[in-house]
Amino acid sequence: MSTQSNPDRILIFDTTLRDGEQSPGATLNVEEKLTIARQLARLGVDIIEAGFPFASPGDFEAVQKIAQNVGTPDGPIICGLARATQQDIEIAARALQPAAKWRIHTFIATSDIHLQYKLRKTRPEVLAIAKDMVAYAKTFTDDVEFSPEDAGRSDPEFLYEMLEVAIAAGATTVNIPDTVGYLTPTEFGGLIKGIKENVPNIDQAVISVHGHNDLGLAVANFLEAVKNGARQLECTINGIGERAGNAALEELVMGLHVRRQYYNPFLGRPVDSEAPLTNIDTRQIYKTSRLVSNLTGMFVQPNKAIVGANAFAHESGIHQDGVLKHKLTYEIMDAQSIGLNDNQIVLGKHSGRNAFRTRLKELGHELPDQELNRAFLRFKDLADKKKEITDWDIEAIANDETQQTLEHFYLDLVQVSCGDKSRPTATVTVRTPDGQELMDAAIGTGPVDAVYRAINRVVDIPNQLIEYTVQSVTAGIDAIGEVTIRIRHEDRVYSGHAANTDIVVASAHAYVNALNRLYTALQQGTSLHPQRDAEPITA
Ligand code: KIV
Ligand code: ZN
């Protein structure tokens, strides 16, 4: 029987917009966060952790907008993170209130190393704070999640006591974080088993797991936790997150899907039950992965499980032969199951604005009029160059326009001359935040270098280019090229992304996109980090 504390399937709690966005350079603006949240809802996640509202006014606004626009009655639960302080909890509640279903996720560390060096508190003090703050969160909503940070390195006896107190105070989900990615699968499974056996009121809460991938074990740890009673998995798209990242949603979901006969009995189902173990629409996985990668500037490695460019490419001769003879010789899942083949030719040169807008909407992009107009002009331009326009082309344009909202610097013109007998020279015109149009030119070692040097002459913000990648959206020589870059200013990293059939133009826009993010951060100041920038907790 399914109860709130014992759901009969696995709940997927997506934290791409909170823990994922905490990874260096992955900063997103409000519109980008909203676009990702809409896609997460289409993907079918149960809970979206939309951010840490106390971090900054921008973070508050993003959580509030997601609550308003994505937190519909039949949509996901919208969750906000709050440290165990009244201020954090109150602000999270205010941001989340517009959602039909919302959750406060509050946390405090329980490992001795965190107590001693980060919190400078004793165990009884931390127990009292957790009890009071869960009870305080409960005055705003029934749906309260509690996390004992660094549970993986905490004394299990103290952890059991803490969880009992948190549940008694009203926590309906208790989340067990392996904050530093230290545990092995057997240990993590054992920890969950120990919690089930030693926390007297554990049947009143859902057991959730959260883990980082420092040893590459996060997904394996979670799957072992499922076998031992965990029913909520906290994960991110493409596994993005701090350091080596979080457990990857697509790997967990496809692991549970492809091997459901193995996992079914752990959920009390018949071995051959075909009922899905999660609510995820797996055909949305590939699209979500691309969206998150484009908007965060976090490149997906080609050999990444499930969503990497090579994950379904059978390149070696022997494999191809095997696959042609019978798919199952070398394939355990179908590319279609993650939506990899959903790239139909949809529009052409004669398609009008309405057809374009309708297709965009079907793909989940609702652009405001001004951006829609710009996107349509770009579509027309592309249709002149490329006969067949696919969904991925349309999405590349739409993502690009979403990224260009709230621009401070606007690239009006880029012109390059290069070749084997000439010195690469670039001319650019950039509109600056105070409305000036500045033109300048530079020579470089190649066309992209020349463009970046020319832009640097106009936009005077020192930075270092630390990563540059180009990828094509579809096959073919006329394909759109996507450029993703990362730049460093002082000790922070900012990413930029742009798409164009001309990769030099895309490179120029990607750079200006990164400069815009950097400029925003300089203007607004950076967001508070929920785990590291802890002010003394005085709840
Ligand atoms: O890794 C961690 O411990 C966290 C908590 C805030 C849940 O992200
Ligand atoms: Zn985390």
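A pocket here is an open set of grid points with protein on both sides within 12 Å along at least five of seven lines, and its volume is the space filled by probe spheres set on those points. The model on display is a predicted one.

Begin with the second largest pocket, which holds about 520 Å³ of space. Select Arg378, Asp381, Asn500, Val505 and His509, which of its 21 lining residues are the closest to its centre. Next, colour α15 (369-385), α16 (391-403), β11 (410-417), β16 and α18, each of which gives the lining at least two residues; the largest share, six residues, belongs to α15. Between which domains does the second largest pocket lie? Colour domain 2 (345-399) and domain 3 (410-524): because both give residues to the lining, the pocket lies between them. By class, this lining divides into 10 nonpolar, four polar and seven charged residues.

Now turn to the largest pocket, whose volume is about 1200 Å³. Select Glu21, Thr27, Leu28, Asp59 and Ser527, which lie nearest its centre among the 48 residues that line it. Then show α1 (16-20), α2 (30-43), α3 (57-70), β16 (492-500) and α18 (503-524), each supplying at least two residues of the lining, with α18 providing the largest share, seven residues. If you colour by domain, you will find that domain 1 (11-296) and domain 3 (410-524) each contribute at least three residues to the lining of the largest pocket. Colouring by class instead shows 14 nonpolar, 20 polar and 14 charged residues in that lining.

Notes
Residues numbered from 1 in each chain as written. Chains lettered and ligands numbered in written order. Predicted model: local features only at pLDDT ≥ 70, side-chain atom pairs only at ≥ 80, totals over all residues. Heavy atoms only, no water. 1 Å grid on protein atoms, 1.4 Å probe; cavity = no way out; pocket = protein on both sides within 12 Å on 5 of 7 lines; lining within 4 Å. Helix = DSSP H or I, 4+ residues; strand = E, 2+ residues; numbered from the N terminus. Nonpolar A, V, L, I, M, F, W, Y, C, P; charged D, E, K, R; others polar. Domains from an automatic or database assignment.
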